[in-house]
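The following exercises concern side-chain contacts. Please examine the structure before working through each solution.

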Amino acid sequence: MNTVAIQGVEGSFHDQAVQELMPGAEVLACATFQDVFEAVTKDKVPYGVVAIENSLHGSINPVSRLLERNNVWVSGEVTLTIEQFLLGVEPMSLEALNTPEAEVRTMFPAFAQCELWLQEHLPQARRTEMYDTAYSLVTVLDEKNPLAVAIAGRRAMEVYGGHVIAGPINDDPHNFTRFILSSKDTREDAKANRTMLILTTSHSDGALYHALGAFAKEGI
């Protein structure tokens, strides 16, 4: 069975992307994008999956830099609709959670995607940033504190349990993230229909225009 390195843990959106790209594959949980690339380039696993772009927040620049620095082959991609849920150990009212004693846990992008909802419904609750959405739910369930809740996807609850308190709570329902599959070795796919390029321009007037113009001229 193939093993795929991901940023985050089982139940995360990265894990969901793996199941779309390689159904049944096992995942190797990594804390950072750097760890994912090292796992692939050092032959710990044959594949890695990382998020590269979000429809609301644009390109994920650390991943682009890692692609530039590491000799890996991008051989697949999937775009997921991202729905965030407020999850806890037991059903709770939002009124009971809107207190300084309550704590909301998740990673920075998820907080950003739910900013308006949190300001409207839980302005008094403390916010604690963590490295992964699904891991946030793990900590909440381990502590069994009803005043600690997590923002994560539905798959995290399917893997670890818990209850949906509210959701989807992301401010924009048109919230998509694109994930790419990478490997150290070339992986040909007869269905491949696109090319991914990372290029650096000079710091001069019109540099980007001329770079993109080469594609436009050829009808690409």
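**Exercises on side-chain contacts**

Glu143 has a relative accessible area of 46% and is therefore partly exposed. The model is a predicted one.

**Exercise 1.** Determine which residue forms a salt bridge with Glu143, and which parts the pair ties together.

Solution. Step one: the partner of Glu143 is Arg105, with the closest N and O atoms 2.7 Å apart. Step two: Glu143 belongs to helix 7 (residues 133–143) and Arg105 to strand 7 (residues 103–106), so the pair ties together parts 38 residues apart in sequence. Step three: Arg105 also forms a salt bridge with Glu103, at 3.0 Å between the closest N and O atoms.

**Exercise 2.** Classify Arg105 and Glu103 as buried or exposed.

Solution. Buried means under 20% relative accessible area. Arg105 has 7% and therefore counts as buried; Glu103, with 12%, is buried as well.

**Exercise 3.** Locate the salt bridge between Arg194 and Glu77 and state which network includes these residues.

Solution. Step one: the two side chains meet at 2.8 Å, N to O. Step two: Arg194 lies in the loop between strand 11 (176–183) and helix 9 (207–217), while Glu77 lies in strand 5 (residues 73–81), so the pair ties together parts that are 117 residues apart in sequence. Step three: Arg194 is exposed at 60% relative accessibility, whereas Glu77 is partly exposed at 30%. Step four: salt bridges link Glu53, Glu77, Arg178 and Arg194 in a network.

Notes. Residues are numbered from 1 along each chain as its sequence is written. This is a predicted model: local features need pLDDT of at least 70, side-chain atom pairs count only at pLDDT 80 or more; totals for chains, interfaces and linings use all residues. Side-chain values use heavy atoms; hydrogens and water are left out. A salt bridge is a side-chain nitrogen of Lys or Arg within 4 Å of a carboxyl oxygen of Asp or Glu. Helices (H or I, at least four residues) and strands (E, at least two) are DSSP runs, numbered from the N terminus. Buried means under 20% relative accessible area, exposed over 50%, partly exposed in between (1.4 Å probe, protein chains only).
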